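Hi,

Here is the structure I promised to pass on. Have a look at it first, and then read my notes below.

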Amino acid sequence: MQVIGSAMEPEKHHDYHLLPDSESALPVGNDLKNGRRRERATESESHKSKHPEGTPVHRKAYLNKFALSGAILASTNSILLGYDIGVMSGAVLFIRENLNISSTQIEILVGSLNVCSLIGSLASGKTSDCIGRRYTIVLAAATFLIGAILMGLAPSFSFLMAGRVVAGIGVGYSLMIAPLYVAELSPALTRGFLTSLPEVFINVGILLGYISNYTLSSLPQYMNWRLMLGLAAFPAIAVAVGVLAMPESPRWLVMKGRLGEAKQVLIKISETKEEAELRLADMVKAASFSGHVSASSSSSNWHGQGVWKELLLTPSRPIRRILIAAIGVNFFMQASGNDAVIYYSPEVFRDAGIHNKKHLVGVTVIMGIAKTFFVLLSALFLDRFGRRPLLLLGSAGMAISLAGLGLGSKFLEYSNSNPDWAIALCVVAVCAAVSFFSIGLGPITWVYSSEIFPMRLRAQGSSLAISVNRLVSGVLAMTFLSISRKITFGAMFFALAGMMAVGTVFFYYYLPETKGKSLEEIGALFEDEVDENPKALLS
């Protein structure tokens, strides 16, 4: 049985450089295989003379300023989720005492945002097909803003829960639309880096949440947690305003038949006008193949109709393969327990023997710094090494780290004295687990989910996969403490380590490499592989 792609074979290194505004550029690759579209349609005669036919040409990959700006603005929306994850881990310490609520209520409070984000994730695909990617980002930020205000002013547990529900819906919209928009805007050879920016901003948000916890923890108890949660309103306002400067996705414009507007956006994110026209032709061809858009149309009544039927009721074999890959990577992202470990890290460290609240929050700041550093590292190397090697490294590293955490927790469970080495092992293992997550599953899940679906299915297909992500995250967040109390933290971490071992095997066999391919070519990759080997999902 063959395996999709090469697991650990790095290709040429692409150094990222910004060109002046007049020379906005697109990353360029050579040695393109399997009909991969050339990213540069034209070469100057002088360039040809310097590099005769057959001579390999090593080009630097450039980050287009326009695409980079749009990716940063869209990804800023992800700070909202990250901040909530980080700030809630410390805020629950004070909410529990101030509102006098039980551990079960804490689990419901924490997990409710993830469960309710399922609503936003499911609705976001259809919404973005109807009103566009850009305005869906505005809707996500506005919804989270309302939720943050409600949480910051909450006088009771029920009021706080209402804020969590509203904020959760906004998070669901944000998680789907940010990487999808960036993927549709990005050039092929820097799409890995740009589409991983939402995960980078999630980690920045987590770190800001930890810092907020540490800074505000000394305030009176009735005030500190409300300020921690209410401060999330400020980035939401910044996102809603900043989005107004962003262009619409050129692929969405093509699906709506607004080819002139799509061409104008593509000219800004391409190196030459000729290249923009070639990319537009590819998009029109892909849209026309779906039967929804024709190259001659000046407008389109397409609003994503019929997509759910094609995805769930009558999927072709390639679409079924894509669904398995997208849903699988999203399932294992949350089955790793990363979100639950972050939400309840103070509880984990307390169980490990650290009892001072200031120290508990301080350790989470260290964890946040580690996560942010490694997700940045992963983003920078995604387009050099590809998705598969980093994903396999990250998931295997998580399995080993979680096993180490389980070992340390089990030793402390049966030890009468809490030795320093066992406490240090738990702290290091938690930091290692979240760092390996940031190398692999963290950024690559969003990249992969947003790039493998065909154009007509991309928004709603991504929303379906991310809904699975949110559901698993919510279930784990709402049961993590209860299960851990019954079977111990050590046993829980061993179970999560086993889950990541299974995930590593799944990634090895079912996820092809998509590095360097345009979104239109990725669809052909699935089609070609199925045609070559119709008896298996592998190639």
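Is Glu 184 buried or exposed? Glu 184 has 0% relative accessibility, so it counts as buried (buried means under 20% relative accessible area, exposed over 50%, partly exposed in between, with a 1.4 Å probe and protein chains only).

Before you go further, a word on how to read all this. This is a predicted model, where local features need pLDDT of at least 70, side-chain atom pairs count only at pLDDT 80 or more, and totals for chains, interfaces and linings use all residues. Residues are numbered from 1 along each chain as its sequence is written, and side-chain values use heavy atoms, with hydrogens and water left out.

Now the overall picture. The protein has 24 helices and two strands (these are DSSP runs, H or I of at least four residues for helices and E of at least two for strands, numbered from the N terminus). Of its 539 residues, 60% count as buried.

Back to Glu 184, which has a partner. Its side chain meets that of Arg 133 in a salt bridge, 3.0 Å from N to O (a salt bridge is a side-chain nitrogen of Lys or Arg within 4 Å of a carboxyl oxygen of Asp or Glu). Arg 133 sits in helix α5 and Glu 184 in helix α6, so this pair ties together parts that are 51 residues apart in sequence. Arg 133 is at 2% relative accessibility, so it is buried as well. Arg 133 also has a salt bridge to Asp 129, again 3.0 Å from N to O, and Asp 129 is buried too. The structure holds 11 salt bridges.

Another one to find is Arg 191 with Glu 451, at 2.7 Å from N to O. This pair links distant parts of the chain: Arg 191 is in helix α7 (residues 191-195) and Glu 451 in helix α21 (residues 441-451), 260 residues apart.

Not counting residues up to four places away in sequence, Asn 469 touches Asn 330, Met 333, Gln 334, Thr 445 and Trp 446 (contact means heavy atoms within 4.5 Å).

Enjoy exploring!
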